[in-house]
Every structure is written in C-alpha cells, then in structure tokens.
Amino acid sequence: IFLLVFFYSYQWNMSEHYLEISIHKSNAKDTESAILYSTKSSELNPYNEKSLNHSAFIFLHDNKAEEAIPFLIKANDLTLFNSISLTNLQLAYKEIGEVEKSKAISREILKKDPRNVKALANLVRILYNQGEYEETTKLYRKLKLSFEYFKDRSNFGPYHQIMSSLALKL
C-alpha cells in the first residue's frame with residue numbers, strides 16, 4: 001500500500017509541478033513549451049481540471065480554438081458545473097463558427113449562473129447578429145444590471161471592455 005500511495009502522490013505532485021512550469025512558459029509567451037508541460041501535467045493526472053483548462057487557455061490565446069475544445073469538454077465533464085471551462089467553450093465554439101453550440105452553452109451557463117457577464121455578453125452578441133432584437137434588448141438590460149452588481153468587486157477590469165464593445169455595437 002505504501003508504494004501505491006507513494007506512486008500516486010508522486011504523479012499528483014509532478015502534475016502540479018508541470019502545470020506551474022506551463023503557466024510560467026505561457027506567461028513568457030513560449031506557447032510551444034507551455035503546451036508541452038501542460039500536456040505532461042494532464043498525462044500524469046487526467047483529472048487535473050486546472051491543467052485541462054490551462055491547456056485550453058493556451059490554445060485559445062494562440063488562436064487555435066478547435067484544439068482547445070477537447071480539453072474544455074473534458075474539464076467540464078470532471079465537475080457538475082464548471083463556469084470557467086463552459087465560458088471558454090462557448091467562446092471556442094463561436095470562434096470556429098459553431099454559433100448554435102455557443103448559444104446553447106451560454107443559455108446553459110445562465111440557467112445556473114444568471115448574472116454571468118461573459119455568458120450574457122456572448123448571447124447578446126449572437127442574438128444581435130441573428131436579428132433577434134427583442135431578446136437582445138432584454139438580455140442587454142439584464143447584462144447591464146449584472147454589470148452594475150459586480151462593478152465594485154475585485155478583478156472587474158475585463159468586464160468594462162466587454163460592456164463597452166457591446167454598447168458600441170448596439
């Protein structure tokens with residue numbers, strides 16, 4: 001039993017170690033190495049949701065949305081509701097032109113997290129582009145209320161960009 005515990009502990013620790021290296025490589029804009037280390041992390045611990053999301057993040061920022069999708073699906077399958085992987089999955093599908101899948105995921109997110117600014121913004125953009133102006137208007141109002149709700153909280157910066165781009169579009 002000791003050897004078994006040691007083996008799995010070692011694998012978990014090495015998975016976390018490779019994930020950290022991958023994050024540092026990603027921050028240094030060394031995408032190829034970041035993917036390599038993130039993949040090693042996922043191989044050592046296929047249940048490491050953070051590693052799967054990070055791999056997807058790297059692909060998304062390298063404009064390879066299609067390659068990010070399997071990582072996001074697997075990360076989402078590990079938990080009942082993973083707003084990070086679902087939010088990124090909706091964006092990945094939208095990027096590769098699968099708008100209906102992106103729209104369905106946005107609606108799924110909003111069922112469990114009705115104030116999710118990213119899901120609301122994605123859905124508003126899609127519906128606007130599809131000419132569904134009545135629903136777009138309702139959701140945009142809801143988005144503005146959600147924006148106001150989160151306004152004074154920490155790490156709010158990205159939401160200003162989301163709102164301003166939508167306001168200019170509408």
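Modeller: In this predicted model, Leu72 is in contact with Asn53, Ala56, Leu60, Ser85, Asn88, Leu89 and Ala92, once its neighbours within four places in sequence are left aside. Leu72 also belongs to the largest nonpolar core, a group of 27 residues in which Leu72 and Leu143 have the most contacts. Two or more residues of this core come from each of helix H2 (31-44), helix H3 (49-61), helix H4 (65-77), helix H5 (83-95), helix H6 (99-112), helix H7 (117-129) and helix H8 (133-150). The largest share is that of H7, which gives seven residues. As a general background, nonpolar side chains tend to be buried together in soluble globular proteins.

Is Asn53 buried or exposed? Its relative accessible area is 9%, and because a residue under 20% counts as buried, Asn53 is buried. Apart from residues up to four places away in sequence, Asn53 touches Leu72, Ala75, Asn82, Ile84 and Ser85.

Helix H2 is another contributor to the core. H2 has 14 residues, and the distance from its first C-alpha to its last is 20 Å, close to the 20 Å expected at 1.5 Å a residue. Its buried residues are Ser33, Ala34, Ile35, Ser38, Ser41 and Ser42. These buried residues pack against H1 and H3.

Lys29 is found in the loop between H1 and H2. With a relative accessible area of 70%, Lys29 is exposed, because the limit for that class is over 50%. Asn63, in the loop between H3 and H4, is likewise exposed, with a relative accessible area of 65%. Most residues other than glycine have a negative phi. Lys29, however, has a positive phi near 65°, and Asn63 has a positive phi of about 55° although it is not a glycine.

A further loop residue is Glu132, found between H7 and H8. Glu132 is partly exposed, with a relative accessible area of 31%. Leaving out residues up to four places away in sequence, Glu132 touches Lys103 and Leu127.

Phe2, Leu3, Phe6 and Tyr10 make a nonpolar surface patch of about 530 Å². Phe6, one of these residues, is found in helix H1 (residues 2-27).

These details may now be placed within the whole chain. The chain has nine helices and zero strands, so that its elements run α-α-α-α-α-α-α-α-α from the N terminus on. Of its 170 residues, 38% are buried. Its accessible surface comes to about 10400 Å², and 56% of that surface belongs to carbon and sulfur atoms. Finally, among contacts between residues at least 6 apart in sequence, 48% join residues at least 24 apart.

Terms used:
Residues are numbered from 1 along each chain as its sequence is written. This is a predicted model: local features need pLDDT of at least 70, side-chain atom pairs count only at pLDDT 80 or more; totals for chains, interfaces and linings use all residues. Side-chain values use heavy atoms; hydrogens and water are left out. A nonpolar core is a set of buried Ala, Val, Leu, Ile, Met, Phe, Trp, Tyr and Cys residues joined through side-chain atoms within 4.5 Å. Buried means under 20% relative accessible area, exposed over 50%, partly exposed in between (1.4 Å probe, protein chains only). Helices (H or I, at least four residues) and strands (E, at least two) are DSSP runs, numbered from the N terminus. Contact means heavy atoms within 4.5 Å. Patches are made of residues with over 30% relative accessible area and no salt bridge: like charges are joined within 9 Å, nonpolar side chains (Val, Leu, Ile, Met, Phe, Trp, Tyr) within 5 Å. Accessible areas come from the Shrake-Rupley method with a 1.4 Å probe; for residues, only the protein chains shown count as cover. A salt bridge is a side-chain nitrogen of Lys or Arg within 4 Å of a carboxyl oxygen of Asp or Glu. The expected span of a helix is 1.5 Å times one less than its number of residues.
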